[in-house]
Amino acid sequence: MMAVSSFSGLPRAGVLRRLGAWLYDFLIVTALLMVAGFIGFGLTQLALVLGWIGLGAHADTAALLGASRLYSLYLLSVVMGFYSWFWHTSGQTLGMRAWRLRVQNTDGSPLRLSQTLIRAASALLGLGNFWVWLNPGTKLALQDKIADCEVVVLTKEQNRQLLRRD
């Protein structure tokens, strides 16, 4: 296991590298939402068949789910859970691993769960990364500033060590 200090003092990531990782994660999150949507649709259809719920004014199951705030919150929690779990446990999503990035506190320590939720909520679907161009000296994105953390570029060896640890 690597010491926290081995992650401090690393260079911060620029916009293009962050967007590369975001694109990888976007594809993974899209697939994850498809699976979560399939499960939600199936459970809703089962509840309809068993008579636990009704369609009401909705034409079909898809319309019912499209109007459901609970279903929207469920899908949002899947996305927030994906990012929070990866950022809290290793500091890297799958896309960040491919691009050798790590999100961390400035001392190199992992993010607290509350920080991961704040960071995910303030990322503005990835648009917060463009904030780096407004602050080229600090290379902090909007979500980094709000959650009080940073995204650093790892060496190949540091990335390998994190992969072996997980």
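**View 1. Helices H1, H2 (61-66) and H3 each bring at least two residues to the lining of the second largest pocket.** The model is predicted: local features need pLDDT of at least 70 and side-chain atom pairs 80 or more, while totals for chains, interfaces and linings use all residues. Residues are numbered from 1 along each chain as its sequence is written, and side-chain values use heavy atoms, without hydrogens or water. Look here for Gly-40, Leu-43, Thr-44, Leu-64, Leu-65, Ser-68, Leu-70, Tyr-71 and Tyr-74, which line the second largest pocket. The space in the second largest pocket comes to about 160 Å³, counted as the volume filled by probe spheres on the points. Its lining has six nonpolar residues, three polar ones and no charged ones; Gly counts as polar here, and Tyr as nonpolar.

**View 2. The largest pocket holds about 580 Å³ of space.** In this close-up, 26 residues form the lining, and those nearest the centre are Trp-22, Tyr-83, Ala-123, Leu-125 and Gly-126. Helices H1 (15-49), H3 (69-89) and H5 (113-122) each supply at least two lining residues. H1 gives the most, with eight residues. By class, the lining of the largest pocket splits into 19 nonpolar, four polar and three charged residues.

**View 3. A nonpolar patch lies on the surface.** Its members are Val-35, Phe-38, Ile-39, Leu-43, Leu-46, Leu-50, Trp-52 and Ile-53, and together they have about 870 Å² of accessible area. Such a patch joins nonpolar side chains within 5 Å, from residues with over 30% relative accessible area and no salt bridge. Trp-52 sits in the loop between H1 and H2, and its 64% relative accessibility is why Trp-52 counts as exposed. (Exposed means over 50% relative accessible area, buried under 20%, and partly exposed in between, with a 1.4 Å probe.)

**View 4. Arg-12 and Glu-150 pair up in a salt bridge.** Their side chains come to 2.7 Å, N to O; a salt bridge needs a Lys or Arg side-chain nitrogen within 4 Å of an Asp or Glu carboxyl oxygen. The partners belong to distant parts of the chain, 138 residues apart, with Arg-12 in the segment before H1 and Glu-150 in strand E2 (residues 150-153). Glu-150 counts as buried because its relative accessibility is 5%, whereas Arg-12, at 24%, counts as partly exposed. The whole structure contains five salt bridges.

**View 5. Asp-144 meets Arg-18 in a salt bridge of 2.7 Å, N to O.** Asp-144 lies in helix H7 (residues 142-147) and Arg-18 in helix H1, so this pair ties together parts 126 residues apart in sequence. Both Asp-144 and Arg-18 are buried. The side chain of Asp-144 also forms a salt bridge with Arg-119, again at 2.7 Å, N to O. Because Arg-119 lies in helix H5 and Asp-144 in H7, that pair ties together parts 25 residues apart in sequence. Arg-119 is buried, as is Asp-144. Through shared partners, salt bridges join Arg-18, Arg-119 and Asp-144 into one network.

Terms used: On a 1 Å grid over the protein atoms alone, a cavity is a set of points where a 1.4 Å probe fits but cannot get out, and a pocket is an open set with protein on both sides within 12 Å along at least five of seven lines; lining residues have an atom within 4 Å of a point. Helices (H or I, at least four residues) and strands (E, at least two) are DSSP runs, numbered from the N terminus. Patches are made of residues with over 30% relative accessible area and no salt bridge: like charges are joined within 9 Å, nonpolar side chains (Val, Leu, Ile, Met, Phe, Trp, Tyr) within 5 Å. Accessible areas come from the Shrake-Rupley method with a 1.4 Å probe; for residues, only the protein chains shown count as cover.
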